[in-house]
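Here is a short report on one protein chain. Look at the fold and its charged side chains as you read.

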Amino acid sequence: VQLQASGGGLVQPGGYLRLSCEASGTIWSINRMGWYRQTPGKQRELVATLTGGDTTVYADSVKGRFTISKNNAKNTVYLQMNSLKPEDTAVYYCNVQAQIRSYLTWSDYWGHGTLVTVSS
């Protein structure tokens, strides 16, 4: 499973960005798609996840500002980020929990990350 993320960049405080991540390759089923972020010297943290049953989980720091969504037909997950703050600056990683065969266990896959910089 390969994950291709895009949409990062430089934005001013209060601005917005939309991240996209497409999963490709041999995929039998996807259970969960989501976004994590990491800054230098800190552990990777959850931003938002979305399960197959459309259950969403958000970090408290992004609730009300970020929205996660997906397109099942395209195996793509999105993260709409509004009212961005300097503390949102990080490398954002796409994560997918998927099966490549029906008889295999679920595995986690990660994208390479896309940098989001919020600065004036």
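## A buried aspartate

Asp 88 counts as buried, because its relative accessibility is 1%. Buried means under 20% relative accessible area; exposed means over 50%; partly exposed lies in between (1.4 Å probe, protein chains only). Asp 88 meets the side chain of Arg 37 in a salt bridge, 3.0 Å from N to O. A salt bridge here is a side-chain nitrogen of Lys or Arg within 4 Å of a carboxyl oxygen of Asp or Glu.

Arg 37 lies in strand β4, and Asp 88 lies in the loop between β8 and β9 (90-99), so the pair ties together parts 51 residues apart in sequence. Strands (E, at least two residues) and helices (H or I, at least four) are DSSP runs, numbered from the N terminus.

## Basis of the model

This is a predicted model: local features need pLDDT of at least 70, side-chain atom pairs count only at pLDDT 80 or more, and totals for chains, interfaces and linings use all residues. Residues are numbered from 1 along each chain as its sequence is written, and side-chain values use heavy atoms, with hydrogens and water left out.

Arg 37 is buried, because its relative accessibility is 5%. Glu 45 is partly exposed, at 37%.

The structure holds 6 salt bridges. One of them joins Asp 108 to Arg 32, with the closest N and O atoms 3.0 Å apart. This pair links distant parts of the chain: Asp 108 sits in strand β10 (residues 107-110), Arg 32 in strand β4, 76 residues apart. Asp 108 is partly exposed, with a relative accessible area of 41%. Arg 32 is buried, at 19%.

Trp 35 lies in strand β4, which spans residues 29-38. Trp 35 counts as buried because its relative accessibility is 0%. Its C-alpha atom is 18 Å from that of Gln 99, a residue 64 positions away along the chain.

Thr 76 belongs to strand β8 (residues 76-81). Thr 76 is also buried, with a relative accessible area of 7%. Its side chain reaches the backbone oxygen of Lys 74 at 2.9 Å. Leaving out residues up to four places away in sequence, Thr 76 touches Cys 21, Glu 22, Met 33, Ser 69, Lys 70 and Asn 71. Contact means heavy atoms within 4.5 Å.

## The whole chain

How many helices and strands does the protein chain have? There are 0 helices and 11 strands. The radius of gyration is 14 Å, close to the 14 Å that the globule rule gives for 120 residues, so the chain is as compact as a globular protein of that length. The radius is taken over C-alpha atoms, and the rule is 2.2 Å times the number of residues to the power 0.38. Along the principal axes, the C-alpha atoms fill a box of roughly 50 × 25 × 25 Å.

Of the 120 residues, 38% count as buried. Among contacts with a separation of 6 or more, 52% come from residues 24 or more positions apart. The chain exposes about 6,600 Å², and carbon and sulfur atoms supply 47% of it. Accessible areas come from the Shrake-Rupley method with a 1.4 Å probe; for residues, only the protein chains shown count as cover.

Notes. Polar contact = N/O pair within 3.5 Å; in protein donor to acceptor, adjacent residues only side chain to side chain.
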